[in-house]
Amino acid sequence: MLIISSQVQAKLEPSVRYQETDYQLCAKQRVTKALLFDVVDVGVYYPDCKQAADIFDDKPKLLRFSYLRDVTGDQFTEGADDFLRDNLEPQEKDQCLTYFNEFNTVYKDVTDGDYYDLFVLPEQGLDLYLNNQQLAQSDNSGCALPYLNIWFGEESMDGDFEDLRDKIKALN
């Protein structure tokens, strides 16, 4: 019980180190459902914020999702699958959808204070962590950026993600 009560809530750190690279927090946004429920704080990190042009740019980046309430792994999987089907171009569906369906099975239940880190490495692929524990790694570099369509595609799961994308575009 002491471990649970002394657990530090996840937050958007000013920087995160990964594969010998320091990623800096460049933009952040709180996602709220129905104007009532704060769900998650999302931070977008780059090695250099001055290189950030758009969430779909070809620069390495980290998306940190710091949760403020409970979300089930099934909700993650279903939402990711649905938004990828809705947002991917036909060629991306052919190339990536089977891969994404498998990748999305690793999501776990989260509670207030948990966080997912998704490293998007256009030249390498994707790495997914939950509270610093690796859940999945991909070397499918052609599908790294299309995965961002879950949150930033034409059919977004929430308008707050569009606001976050605008903040990234406004950096430079």
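Trainee: Which residues form one aromatic cluster?
Mentor: The model is predicted, so local features need pLDDT of at least 70 and side-chain atom pairs 80 or more, while totals for chains, interfaces and linings use all residues. Numbering starts from 1 along each chain as its sequence is written, and side-chain values use heavy atoms, without hydrogens and water. One aromatic cluster is formed by Phe65, Tyr99, Phe100, Phe103, Tyr147 and Trp151.

Trainee: How many aromatic pairs does the structure hold?
Mentor: Rings of Phe, Tyr and Trp (its six-membered ring) pair if their centres lie within 6.5 Å. For the structure, the number of aromatic pairs is 16.

Trainee: Is the pair of Phe65 and Trp151 stacked, edge-to-face or tilted?
Mentor: Planes under 30 degrees apart count as stacked, over 60 as edge-to-face and the rest as tilted. The ring centres of Phe65 and Trp151 are 5.0 Å apart and the planes stand at 35 degrees, so this pair is tilted.

Trainee: How many residues apart are Phe65 and Trp151 in the chain?
Mentor: Phe65 belongs to strand 4 and Trp151 to helix 4; helices (H or I, at least four residues) and strands (E, at least two) are DSSP runs, numbered from the N terminus. The pair links distant parts of the chain, and the separation is 86 residues.

Trainee: Is Trp151 buried or exposed?
Mentor: Buried means under 20% relative accessible area, exposed over 50%, partly exposed in between (1.4 Å probe, protein chains only). Phe65 has 4% relative accessibility and counts as buried. Trp151 has 8%, so Trp151 also counts as buried.

Trainee: What is the geometry of the Phe76 and Tyr116 pair, stacked or edge-to-face?
Mentor: The centres of the Phe76 and Tyr116 rings are 5.1 Å apart. Their planes are at 80 degrees, so the pair is edge-to-face.

Trainee: Which parts does the pair of Phe76 and Tyr116 tie together?
Mentor: Both Phe76 and Tyr116 are buried. They are 40 residues apart in sequence, so the pair ties together two separate elements, helix 2 and strand 5.

Trainee: Which helix gives the most to the lining of the largest pocket?
Mentor: A pocket is an open set of points on a 1 Å grid where a 1.4 Å probe fits, with protein on both sides within 12 Å along at least five of seven lines; lining residues have an atom within 4 Å of a point. Strand 4 (61-67), strand 5 (115-121) and helix 4 (149-152) are among the elements that each supply at least two lining residues. With five residues, the top contributor is helix 2.

Trainee: Which helix gives the most to the lining of the second largest pocket?
Mentor: Its lining comprises 14 residues, with Phe152, Gly153, Glu154, Glu162 and Arg165 nearest the centre. The largest share, five residues, comes from helix 5.
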